[in-house]
Amino acid sequence: MMDVTRRRWMLGALALGTVGGLAPNGLLAHRAHVTLTRLSANRRTRRWEWSHSIHFHDAALALQRLAPGKDLQPVDAAGQARLMFELEQRFRWITPSGNQLQPQAVAAELQGDGLVLYQDCGAPDEVGSYEVECHLLHDIFEAQSNTVSIELVEPPLRRQLTATMPTTRFELRARGG
């Protein structure tokens with residue numbers, strides 16, 4: 001009885017492995033193109049800090065399309081720099097006085113099945129309506145979705161936004177303490 005069960009299990013595993021090995025690469029990839037951006041305030045340094053998480057497979061495909069023929073990879077400094085440039089071009093953060101925040105590249109690292117890109121800038125002192133516009137990877141993936149989690153203490157603001165085409169622009173109201 002034990003041998004029959006073991007043999008069925010092994011044959012099932014072999015069949016799954018064979019089917020998986022024959023499946024096109026696209027079928028084995030994840031189903032959704034989603035990024036997660038988290039904005040938080042570091043009270044000690046008085047800086048706003050961003051972390052942008054991109055699925056590794058999406059980052060690799062984006063690099064192929066953004067820089068064809070250059071063989072950039074998410075694990076390479078040049079590939080990470082190209083993706084950071086894309087962040088700088090596709091995200092806009094506008095203060096209540098109309099100034100654009102200029103987050104600076106800090107670092108990049110692989111985490112699990114994703115690439116995380118870090119940015120920061122001096123925390124603005126303004127309260128009022130902030131404008132966020134996000135087009136990150138919308139030109140690359142038709143159904144791209146970007147989730148933005150804003151977690152600020154001063155000015156007080158906690159909100160989660162999702163940028164999918166055609167809604168890519170948001171207004172946030174930050175009130176004084």
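## Aromatic pairs and cluster

Four aromatic pairs are present in the structure, where rings of Phe, Tyr and Trp (for Trp the six-membered ring) are taken as a pair if their centres lie within 6.5 Å, and where planes under 30 degrees apart count as stacked, over 60 as edge-to-face and the rest as tilted. The pair of Trp48 and Trp50 is edge-to-face, because the ring centres are 6.3 Å apart and the planes stand at 70 degrees. The model is a predicted one, in which local features need pLDDT of at least 70 and side-chain atom pairs count only at pLDDT 80 or more, while totals for chains, interfaces and linings use all residues. Residues are numbered from 1 along each chain as its sequence is written, and side-chain values use heavy atoms, with hydrogens and water left out.

Trp48 is buried at a relative accessible area of 2%, and Trp50 is buried at 1%; buried here means under 20% relative accessible area, exposed means over 50%, and partly exposed lies in between (1.4 Å probe, protein chains only). One aromatic cluster is formed by Trp48, Trp50, Phe91, Trp93 and Tyr130.

Asp120 lies in strand 5, which covers residues 114-122; helices (H or I, at least four residues) and strands (E, at least two) are DSSP runs numbered from the N terminus. With a relative accessible area of 16%, Asp120 is buried. Its side chain makes a polar contact of 3.0 Å with the side chain of Arg47, a polar contact being a pair of N or O atoms within 3.5 Å, of which, within protein, one must be able to donate a hydrogen and the other to accept it, and residues adjacent in sequence count only if both atoms are side-chain atoms.

When neighbours within four places in sequence are left aside, Asp120 is in contact (heavy atoms within 4.5 Å) with Arg47, Trp48, Glu49, Trp50, Gln102, Pro103, Gln104 and Val106. The C-alpha atoms of Asp120 and Leu101, which are 19 residues apart along the chain, are separated by 9.8 Å.

## Residues with positive phi

Most residues other than glycine have a negative phi. Asp71, although not a glycine, has a positive phi of about 55 degrees. Asp71 is located in the loop between helix 3 (56-66) and helix 4 (77-90), and with 61% relative accessibility it counts as exposed.

Leu137, also a residue other than glycine, has a positive phi near 65 degrees. Leu137 is placed in the loop between strand 6 (128-134) and strand 7 (145-152), and Leu137 is buried, with a relative accessible area of 2%.
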